Amino acid sequence: MTRMTETSDQWWKTAVIYCLDVETFFDSDDDGVGDVSGLVDRIDYLAQLGVTCLWLMPFYPTPDRDDGYDVMDFYGVDPRLGSHGDVVELIRTAKDRGIRVIVDLLINHTSDQHPWFKAARRSKTNRFRDYYVWRSDAPPDTSHLTVFPDEEDGIWTLDERTGEWYLHHFYSHQPDLNVANPAVRDEIMKVVGFWLQLGIDGFRVDAVPFFLEDEGMTGKDADAMAEPHEHLRDIRAFLSRRRGEAIMLGEVNVPREEQVLYFGDGDQLHMMFDFVTMQQMYLSLARGDARPLTKALVDRPEIPEDCQWATFVRNHDELTLDKLSESEREEVFAAFGPEEHMQIFGRGLKRRVPPMLGGDPRRVRLVYSLLFSLPGTPAIFYGEEIGMGEDLEAEGRMAVRTPMQWSAEKNGGFSSAPPSRLVARPVPDGFGPQFVNVHDQMRDPDSLWNFVRLLAQTYRSHPELGRGRFEVLDQPHPEVLAHCVAWHDRILVAAHNLGADPREVTLRLEVPEGSRLEGLLTPEIHELDEKGAATLSLEGFGYQWFHVHLPERLRLP
């Protein structure tokens, strides 16, 4: 029999994660910038949607040259957004609604305005000098190593004052921390401990592979990075000692064969975003062929019992396609971002899902049905639940970081400030607030918001989706992905048609005679024949979810 108590021991395996940027979510004081108090005012909205874990993008003090990822103080709260008191009130209120809170842990770099770096560049003998990575000789061409090829021509920048170059895999105003330095590692632990003490439930760990990179390190620093994953194990051990149920969710965009290294033996990351499956899903959508997505799921490596995949279809960065081949990437570009201004860094798209799919509600719902039915923990980016679009005139990644669209009122109900004072303008044209907003969709039973809410509720009531064994079900149509997820005596079956034409799909399950399929998104029931088979009808871009009702075992919807 199923042990439901296991689901609370590892809450993150069956969570619904919602990512947002405080400054673009809701403005409570009408200065044009969202704030923590505004987020608290919208906690009940997240609870109604079915969110169980809130992931906050950086809210720390920042010069704001990289939307908050350039941090000046890891212990602070940007005064534009609120105070420590506001954050504690947010955590308390969220927990009351059954929502845990995780925050970004930025351990790869700081802002060049951080006191550590300002001190480090005063002289070569300053005690903070070794908090960063330096070289005295002119670097070779490193343009192929930079994360932002459109913005930076290498990963080393000359500091005129001291005549040495400092390392930065990201922007030149974000110098990399020297993680080989024990003092830096101690600081990271203190940051982790500080936010745990305030009640945070864990961290989304930014740019994990770069944090463990030994590029540019020499001497004792290189020796200290000989086993880089030891540093990740140390953080996990510290986290577990301080708060046993806290988690680390890693941003790890690496090939399949490298992914398992970041889980270790269940002693490093708890969770990892599955970038490979996400990218293959877009290739499948572009082709109307489920086989790339199916292969990505089948090829997922085995991971420790105490680890988990996080699934997603959109995040706060560019929609990266870097793990596709050049020809595959061009297919996706042609289907979903054919114009150059829709693309970014030569490897991704600065678009949201509905505009990429031409606003076709069938295909949009298909995508989110896939997201919630695939094995793992679903993560959504704010505004996905209502089908927000992007602002292609905004620079780079900011195209998808536009104000939340609460209503058709001025500024989309985000703020009463003059439009010129807004942190960003609302999405223009057909996906703007007058057409896409929370107020209208919450009152429309057929809206995307209510559909995503149904998916979240169904996912939460079927823990096999987050914990079970995945199996692709045999059927003849290349456009169709049919799969089941089983955990103890619980079995969920889902079928998705990525093609435009209807399909009939016969599925066979190894279950006791007398079992039946009971619809979860629709009231359909299919009796399984003596061979455990049933035939389903899928419309073009259609989908169905069922649980298996075993004989004499009551299953609720």
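Predicted model: local features only at pLDDT ≥ 70, side-chain atom pairs only at ≥ 80, totals over all residues.

User: Fine. How many helices and strands are in the protein?

Analyst: The protein has 18 helices and 22 strands. Its radius of gyration is 24 Å, close to the 24 Å from the globule rule for 557 residues, so the protein is as compact as a globular protein of that length. The C-alpha trace spans about 80 × 55 × 50 Å along its principal axes.

User: And what share of the residues counts as buried?

Analyst: Buried means under 20% relative accessible area, and 62% of the 557 residues fall in that class. For contacts, look at sequence separation: among those between residues at least 6 apart, 68% join residues at least 24 apart.

User: On to helix pairs. How do I read the angle between α15 and α17?

Analyst: Angles under 35 degrees count as roughly parallel, and over 145 as roughly antiparallel. The axes of α15 (residues 361-373) and α17 (residues 448-460) cross at roughly 15° and come within 10 Å, so these two helices are roughly parallel to each other. The crossing is right-handed.

User: Which residues in α15 and α17 meet?

Analyst: From α15 you have Val 364, Arg 365, Tyr 368, Ser 369 and Phe 372; they meet Leu 448, Phe 451, Val 452, Leu 455, Ala 456 and Tyr 459 in α17. By class, the residues of this contact are nine nonpolar, one polar and one charged.

User: How do α11 and α12 cross?

Analyst: Their axes cross at roughly 160° and come within 7 Å, with α11 covering residues 275-287 and α12 residues 291-298. That angle makes α11 roughly antiparallel to α12. On the α11 side, the residues in contact include Met 281, Leu 283 and Arg 287, while those of α12 include Pro 292, Leu 293 and Leu 297. The contact of α11 with α12 divides into six nonpolar, three polar and two charged residues.

User: Is Asn 411 buried or exposed?

Analyst: Asn 411 counts as buried, because its relative accessibility is 10%. This residue also has a positive phi, near 55°, and is not a glycine. You'll find Asn 411 in the loop between β14 (377-381) and α16 (438-442).

Notes:
Residues numbered from 1 in each chain as written. Heavy atoms only, no water. Axes fitted to C-alpha atoms, helices over the stretch in contact; angles between N-to-C directions. Helix = DSSP H or I, 4+ residues; strand = E, 2+ residues; numbered from the N terminus. Parallel < 35°, antiparallel > 145°, perpendicular 65-115°, else oblique. Left-handed = near helix turned anticlockwise from the far one by under 90°. Contact = heavy atoms within 4.5 Å. Nonpolar A, V, L, I, M, F, W, Y, C, P; charged D, E, K, R; others polar. Rg over C-alpha atoms; globule rule 2.2 N^0.38 Å. Buried < 20%, exposed > 50% of the residue type's maximum accessible area, 1.4 Å probe, protein only.
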